[in-house]
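Visitor: Hi, could you walk me through this protein step by step? I'm new to reading structures.

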Amino acid sequence: FELVWGEARVLDLGVTPPLPLAGGVVAAFQDGKAFVTGGHRHAGWLGAPLQVVPDGDPDLRRALAWQVPAAAEARVLASWAGVRAKRPSGEPVARRLCDGVHMLAAFGGRGFLRGAPLATRLADELAARLS
């Protein structure tokens with residue numbers, strides 16, 4: 001695994017686009033708000049300093065504005081930043097570590113698109129073992 005900074009913002013768009021976006025940024029929309037993440041930077045080590053812009057990452061808003069122009073001037077309602085683990089390949093990890101312990105993780109980059117199918121598959125396998 002490698003460590004990357006993860007950043008997410010909730011933006012007040014005032015409009016609700018009909019579909020989520022996956023690309024340079026990932027965004028979902030509801031009730032005039034955008035829930036957006038992207039722009040991950042390699043963290044190096046856990047003690048590395050994180051520079052968080054108080055009003056949100058302007059590059060994150062600028063990247064979303066390519067597809068949703070209202071994001072360019074959107075007000076930041078909430079923000080999150082932290083470290084997460086991902087594989088350099090972006091391939092998620094889904095495996096049984098030992099009896100009763102399963103790992104479903106490392107959905108970095110576009111690997112997040114595989115989150116729902118892998119979680120469903122794991123749930124189906126666990127349910128089958130309990131039957």
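Guide: We can go from the overall layout to the core, the charged pairs and the strand pairing.

Visitor: Before that, what kind of model is this, and how are the residues numbered?

Guide: This is a predicted model, in which local features need pLDDT of at least 70 and side-chain atom pairs count only at pLDDT 80 or more, while totals for chains, interfaces and linings use all residues. Residues are numbered from 1 along each chain as its sequence is written, and side-chain values use heavy atoms, with hydrogens and water left out.

Visitor: OK, how many helices and strands are there?

Guide: The protein has two helices and eight strands, where helices (H or I, at least four residues) and strands (E, at least two) are DSSP runs numbered from the N terminus. Starting at the N terminus, the order is β-β-β-β-β-α-β-β-β-α.

Visitor: And how much of it is buried?

Guide: Of the 131 residues, 30% count as buried; buried means under 20% relative accessible area, exposed means over 50%, and partly exposed is in between, using a 1.4 Å probe and protein chains only. The accessible surface comes to about 8,200 Å², and carbon and sulfur atoms account for 59% of that surface; these areas come from the Shrake-Rupley method with a 1.4 Å probe, and for residues only the protein chains shown count as cover.

Visitor: Which residues touch the most others in the largest nonpolar core?

Guide: That core has 14 residues, and those touching the most other members are Leu11, Leu13, Phe29, Ala34, Val36, Leu64 and Ala71. A nonpolar core here is a set of buried Ala, Val, Leu, Ile, Met, Phe, Trp, Tyr and Cys residues joined through side-chain atoms within 4.5 Å. At least two residues of this core come from each of β3 (25-30), β4 (33-38) and α1 (58-65).

Visitor: Take Leu64, then. What does Leu64 touch?

Guide: Leaving out residues up to four places away in sequence, Leu64 touches Leu11, Leu21, Val25, Ala27, Phe29, Ala34, Val36 and Ala71, where contact means heavy atoms within 4.5 Å.

Visitor: What about the salt bridge of Arg121?

Guide: Arg121 forms a salt bridge with Glu125, and their closest N and O atoms are 3.2 Å apart. Both residues lie in helix α2 (residues 115-130), four residues apart, which is about one turn of the helix. Arg121 counts as exposed at 53% relative accessibility, and Glu125 as partly exposed at 35%.

Visitor: And the salt bridge of Arg96?

Guide: Arg96 forms a salt bridge with Asp99, with 2.1 Å between the closest N and O atoms. Arg96 is partly exposed, with a relative accessible area of 45%, and Asp99 is exposed, with 66%.

Visitor: Last topic, the strands. How do β3 and β4 pair?

Guide: β3 and β4 pair in the antiparallel sense over six bridges, and two strands are said to pair if DSSP finds at least two bridges between them. Val25 has Gly38 in β4 as its bridge partner. The two strands form a hairpin with two residues between them, and Asp31 in the turn has a positive phi of about 50 degrees.

Visitor: And what about β2 and β3?

Guide: β2 and β3 also pair in the antiparallel sense, over two bridges, with Ala22 standing opposite Val26 in β3. A hairpin through two residues joins β2 to β3.

Conventions. Salt bridge = Lys/Arg side-chain N within 4 Å of Asp/Glu carboxyl O.
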